[in-house]
Amino acid sequence: MRRPGATKSAALAAVILATVTVTVACAAGGPEDPADLVLINGDVYTLDEGRPAAEAIAIRGEHIAVVGSNAEAQALVGGNTRVIDLGGAFVSPGFNDGHVHVESTGALIVGVNLLEVHEPRAFTEEIARAAERLAPGSWITRGDWGAYEQWEAGSTGRGGDGGAGADGPFTPHRDLIDDVTPDHPVLVNRFDRSMSLANSLALEMAGITESTAPPPGGTIDRGPDGRVTGILTGSAVDLVRAAITPKSFEQRLTEVRAVLNEAREGGVTTIQDITSSEQLRAYQELRARGELTARINIRPSLDNVTHTGGLGITRGFGDDWLRFIGYKAWVDGIMGGSSAMFYEEYDHAPGNFGIVRQIMLPEGIDGLALSLTREQNYTEFPQGNLQRLMQEAVPTGLPPHIHAIGDKAVKILLDLFEAVLSENDMIDADHRWRMIHAQVVEEADFHRFGELDLVAEVNPYHISDDMRWMEERIGSERSLGAYAFRALKDAGTVLVFGSDSPGTNAARYFLHPKYGLYAAVSRQTLGGEPAEGWFPGQRLTIEEAIEAYTRNPAWASFEEDIKGTLTPGKLADIAVFDVDLVEAGRDDPARLLDAEALYTIVGGRVVYERGTP
């Protein structure tokens, strides 16, 4: 949907760095109702079919007043109008990230990220940095050490079993971190969750001593001298988890601020979040303080529907900054942990068909989960509970947004959607129900997405990262239906892009949309492999990719009247980049990875300006 005749000089990036901001004095007889902010000399990609291209935007208050020529916008310049000369920079609607785990992202940014760590010195240094950032007494958790160890070591990576040399995968000891964490209890885990490491303070708080016997189903590792190393597995990890104190509200605010900073640096103006009640209170507090710099679309988990429905939370509940848009639920696990549900076993792990996400099991979750055999938990989906919760959501008007990744999970969810939509005479209604991920789809199921008018909320960066092990785990034939965005779109599905930040247990995903755009149009790793793209027939055009990151997420959230395009009357949520995203996506997708935001504007307020503290 590129405007005809648009061109850009190859030297534009240098010009943009010299962007000039000026304030223009109001001439006699100026506008009676002047703009607060005017952007001129831009390469404006509006996504508005009525006027797909422009060179200037005038903003009054929180809304767009004019999209058009420089003269049209400058006609609204008054004495207090800020005018920014963009020098030809690329302008688009603010990006709308359709899939963010804000709480986990903030915890990773502020806490510790060990994904690329698999040697002692780096392990100690990263834990020490986290301790410096966090208040004394705060727990240091997660970490996911060793995610890239097997690939850097040249291992096949089968099953996440390491391959770091003759001594096996890196396994830390509490002695590596005790000296740098005297005031911070630590419980960090390996990326595949096969083990965790606790420091001495955490072991003490959990009551684990040299004489503590491991509980059934767990181990407490000891060295040759009989001393506890801090490595725990299985139920022994739960002994330390039980000692973890709740996160303070101030720490939660700090973590959200870190996510907002990453978002505005990437031109992201709306975040669709999996939101807990504690997280919502943090958003409300930051808004009250004037610190909220991205709009938050709220999605509680579907098992809350009885409670939230009883509170009168229905479609549209909230306002332009904090709005409920749906309910999140799950069918299966994830590819990163080889727990997505498939009809056929994983090629690298005979007998593994994936898992049912336990939160969706019927009432009495804990008891039932314990009573399930491994075979039942890995191959059978419990009937009734998810469908019941979906039915309860129907009267609220808030659509279910449900995670399904493996081909079996996708088919299960398609069947459930069809059953509930049919029972409620909603097949032809404007329901905007979503399947999240839709990661591996059988050829025979693509048409059903269009027939059911579904939204597919997909995460394109998975392509760039997952291809390193995807075919090894499920083979080439099943991989034909993996991240098959072209097939989904051609079937009539509305695509919504999201970063899936902070990523999987095997990789870090960032909020900046350039990574998702690049993956969708190139289907390559960040290093440009394979040259022809991974299953290149599933590529999208750059225009389709930008739409999936801007206009489509707004529509899917029933917010198309207020955001998603640069149109007069809509919210002034705008991103300005130093690279023409459309031109780069068409001619040289690798250039997308160089794109950086120059300005991010939310509700007419400049919340990010490159080079300004």
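Tutor: Let's start with a term. A cavity is a set of grid points where a 1.4 Å probe fits but cannot get out, and its lining residues have an atom within 4 Å of a point. Keep in mind that this is a predicted model.

Student: Which residues line the largest cavity?

Tutor: The lining is made of Pro93, Gly94, Asn96, Thr269, Thr270, Thr550, Ala554, Lys563, Gly564, Thr565, Leu571 and Asp573. By class, 3 of the lining residues are nonpolar, 7 are polar and 2 are charged. The space in this largest cavity is about 80 Å³, and the count of cavities of 30 Å³ or more comes to 4.

Student: How is a pocket read, and what is the volume of the second largest pocket?

Tutor: A pocket, unlike a cavity, is an open set of points. Here the second largest pocket has a volume of about 540 Å³. It is lined by 23 residues, and those closest to its centre are Glu103, Ala107, Thr141, Lys247 and Glu255. Two or more lining residues come from each of α3 (102-110), β10 (140-145) and α8 (249-265).

Student: Which element gives the most to that lining?

Tutor: That is α3, with 4 residues. Sorted by class, the lining of this pocket has 8 nonpolar, 9 polar and 6 charged residues.

Student: Let's step back to the whole chain. How many helices and strands does the protein have?

Tutor: There are 22 helices and 27 strands. Of the 613 residues, 57% count as buried, where buried means under 20% relative accessible area. Among contacts with a separation of 6 or more, 72% are between residues 24 or more positions apart.

Student: Now the sheets. How do strands pair, parallel or antiparallel?

Tutor: Strands of a sheet pair through backbone hydrogen bonds, and either sense can occur.

Student: In which sense do β26 and β27 pair?

Tutor: Strand β26 (residues 597-602) pairs with β27 in the antiparallel sense, over 4 bridges. To find one on your screen, look for Tyr599, whose bridge partner in β27 is Glu609.

Student: Which way do the side chains of a strand point?

Tutor: In a regular strand they alternate between the two faces of the sheet. Take strand β21 (residues 455-458): Val455 and Glu457 point one way, Ala456 and Val458 point the other way, and all are buried. Strand β20 (residues 434-437) pairs with β21 in the parallel sense over 3 bridges, and Arg434 stands opposite Val455.

Definitions and conventions: Residues numbered from 1 in each chain as written. Predicted model: local features only at pLDDT ≥ 70, side-chain atom pairs only at ≥ 80, totals over all residues. Heavy atoms only, no water. Buried < 20%, exposed > 50% of the residue type's maximum accessible area, 1.4 Å probe, protein only. Contact = heavy atoms within 4.5 Å. 1 Å grid on protein atoms, 1.4 Å probe; cavity = no way out; pocket = protein on both sides within 12 Å on 5 of 7 lines; lining within 4 Å. Points joined across faces, edges and corners; volume = space filled by probe spheres on them. Nonpolar A, V, L, I, M, F, W, Y, C, P; charged D, E, K, R; others polar. Pairing = 2+ DSSP bridges.
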